[in-house]
Amino acid sequence: MATTKSVRACKRAKIGTARLFGGVKAFAAAACVAVALAGLAPRADAAPRPVAARAEGEGPFDRLILRGGYLIDGTGAPTQGPVDIVVEGDRIVEIKVVGAPKLAIDPEKRPPANGAREIDVSGMYVLPGFVDTHLHLHTEEEGQGVPPEYILKLWLAHGVTSGRTVGAKDTRWMIETARRSARNEITGPRMEVYPMFNSGSLGIPPATTEAEAREQIRLMKRLGASGVKFIGAPANILWAALDEANRIGLNSTMHHAQIAVTQANVLDTSARGLKGMEHWYGLPEAMFEDKRIQRYPNDYIYHDEQHRFAEAGRLWRQAARPGSEKWNEVMTTLLERDFGLSPTFTAYLTSRDFMRMSRAIWHDEYTMPGLWDWYRPNRDAHGSYWFYWTLEEEVDWKENYRLWMQFVNEYKNRGGRVTVGSDSGYIYNLYGFGYVQEMELLREAGFSSLEVIHAATLAGAEQLGIGNDVGSVQVGKKADFVIVKENPLENLHVLLGTGTIRLNDDTGEVERIGGVAYTIKDGIVYDARVLLRDVRQMVRSAKEKLGVPPGPMPVETSPRR
């Protein structure tokens, strides 16, 4: 724990309005962030506090009408409109095309107001609320050291209205938080809770027998979980748990951890009824032709995370070639089993370009100093494996992405379900922003922009088993919308909270445009700009408390020698 003397020393190292970008004092101040955080952080074993009650958003209304927007409905249909969308309470009751682009709209052809709250969205684009299939709601009690309200607002400000949490420190707290969000008592997306099997989050010891494995799954169900996330276990324990999940109707997904993948790759788990996978581990291993086990260097140690992630970046090239018999055999089998992929490309993006991700412009105003300290190279923080990350690792990862993306795009082309999951809070991957980056990476992989939107909405909802309520703009479904002024099909960058730049040819000025204008969940209208303003204020306050100046924070904690 930091001493009073060390915290005071940190305060003396402040450099006023100068940026933490270089110089001995600057690096001293940067180093003090970690010291101060160590002293101010809550105990790791403390129960998370409840999320603050909702103070944001207008509604729901007896009657709400979105007037004159262009509709991208999430089904894969092209843009339609202009349309008027009528909402009563939390449900869509009417969708009416009221004209054609560039023509005046006849008021007589529009749904009557009848006392409705009306929002003019003329010329804007209306999409279904986004679905994030890989969420982690961290708290001050965890290594990231961030308040959950900060995360929830970033998600909602980027249009995420539904999602799946795949592991939390405390499952009971997570389930109660999800229930409160479903009742709109807090500001944030609705969340399907998938506790991580054998993680300790249930407050019981890890299962070591098949009977204990089954009981752990039943406990998840009794507590109110929607599914279970597996990460690896001895085969008999895993099969018992997965069988029990299927028997009692819990959905499932899995991160096929490298320390257990030799016992169960995606062909093994999908054959036993697993519904989908996170990341890509377990997929290349199912396509090995000339080996049973990944080629590891002889000095490899899994818990040295630079070893772990460097060698992960060399995995896809050890698998069968694209288009080969083995490649097609594995893909066909997974398609026949209706197996879902949540690639989380964005989770590893820093591995192929450290500078780009660590210096992304949103870090300046939207990344908490505690989270920034978590991102720094650190052998004791998951995903902070930049001990000496070289161009060789980045080149290997670029090739890894090329092959991985080729599989995912082809899987989609052949009818497979691919969803958008962000896995933010690690590896310079920031909540909300990382979700949009994942969409952009699917576009890079070969998806059209319309296919990306489908993956982010209806495909995700169907994977989570909530497609009857959310995922597309349809009469009878929940009133969940993302409204943006610019056309996201033309440029997905406009969904980022920081927007993108454009030259205004009329004024000659370079402008910053974009960002979600409104996120609507359950008929409650949130001004996304207000949510982002709140987050910026949280970050400013946290920096001021630690004596960290505004603007970029350095990765280094000592000056260059």
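The model is predicted, and local features are given where pLDDT is at least 70, side-chain atom pairs count only at pLDDT 80 or more, and totals for chains, interfaces and linings use all residues. Residues are numbered from 1 along each chain as its sequence is written, and side-chain values use heavy atoms, with hydrogens and water left out.

## Salt bridges

A search of the whole structure returns 41 salt bridges, a salt bridge being a side-chain nitrogen of Lys or Arg within 4 Å of a carboxyl oxygen of Asp or Glu.

Helices (H or I, at least four residues) and strands (E, at least two) are DSSP runs, numbered from the N terminus. Arginine 49 is partly exposed at 31% relative accessibility, whereas glutamate 149 is buried at 13%; buried means under 20% relative accessible area, exposed over 50%, and partly exposed in between, with a 1.4 Å probe and protein chains only.

Lysine 478 lies in the loop between helix H16 (449–464) and strand E13 (481–484), and aspartate 90 in the loop between strand E2 (80–88) and strand E3 (91–97), so the pair ties together parts that are 388 residues apart in sequence. Lysine 478 counts as buried, with a relative accessibility of 15%, while aspartate 90, at 26%, counts as partly exposed.

Elsewhere, salt bridges that share partners join Asp90, Arg91, Arg190, Asp469, Lys478, Asp480 and Asp522 into one network.

## The pair H15 and H16

Two packed helices are described by the angle between their axes and the distance between the axes. For helix H15 (residues 433–445) and H16, the axes come within 9 Å and cross at roughly 135°; axes are lines fitted to C-alpha atoms, for helices over the stretch in contact, and angles run from 0 to 180 degrees between N-to-C directions. H15 is therefore oblique to H16, where angles under 35 degrees count as roughly parallel, over 145 as roughly antiparallel, 65 to 115 as roughly perpendicular and the rest as oblique.

At this contact (heavy atoms within 4.5 Å), Tyr435, Met439, Leu442 and Arg443 of H15 meet Ser449, Val452, Ile453, Ala455 and Ala456 of H16. By class, the contact of H15 with H16 has seven nonpolar, one polar and one charged residues; Ala, Val, Leu, Ile, Met, Phe, Trp, Tyr, Cys and Pro count as nonpolar, Asp, Glu, Lys and Arg as charged, and the others, Gly among them, as polar.

## Backbone geometry

Glycine 59 and proline 60 are joined by a cis peptide bond with omega about 5°, and proline 60 is placed in the loop between H2 and E1. A cis peptide bond also runs from glycine 81 to proline 82, with omega near 15°, and proline 82 belongs to strand E2.

Asparagine 184, although not a glycine, has a positive phi of about 60°; asparagine 184 sits in the loop between helix H4 (171–182) and strand E8 (190–193) and is buried at 13% relative accessibility. Tyrosine 428, likewise a residue other than glycine, has a positive phi near 60°; tyrosine 428 is found in the loop between helix H14 (391–413) and H15 and is buried at 0% relative accessibility.

## Buried helices

Ten of the ten residues of H3 are buried, so H3 is largely enclosed by the rest of the structure. The buried residues of H3 include Glu149, Lys153 and Trp155, and H3 is followed by glycine 159, whose phi is positive, near 90°.

In helix H8 (residues 305–312), seven of the eight residues are buried, so H8 too is largely enclosed by the rest of the structure. Glu305, Gln306, Arg308, Phe309, Ala310, Glu311 and Ala312 are the buried residues of H8, and what covers them includes H14.
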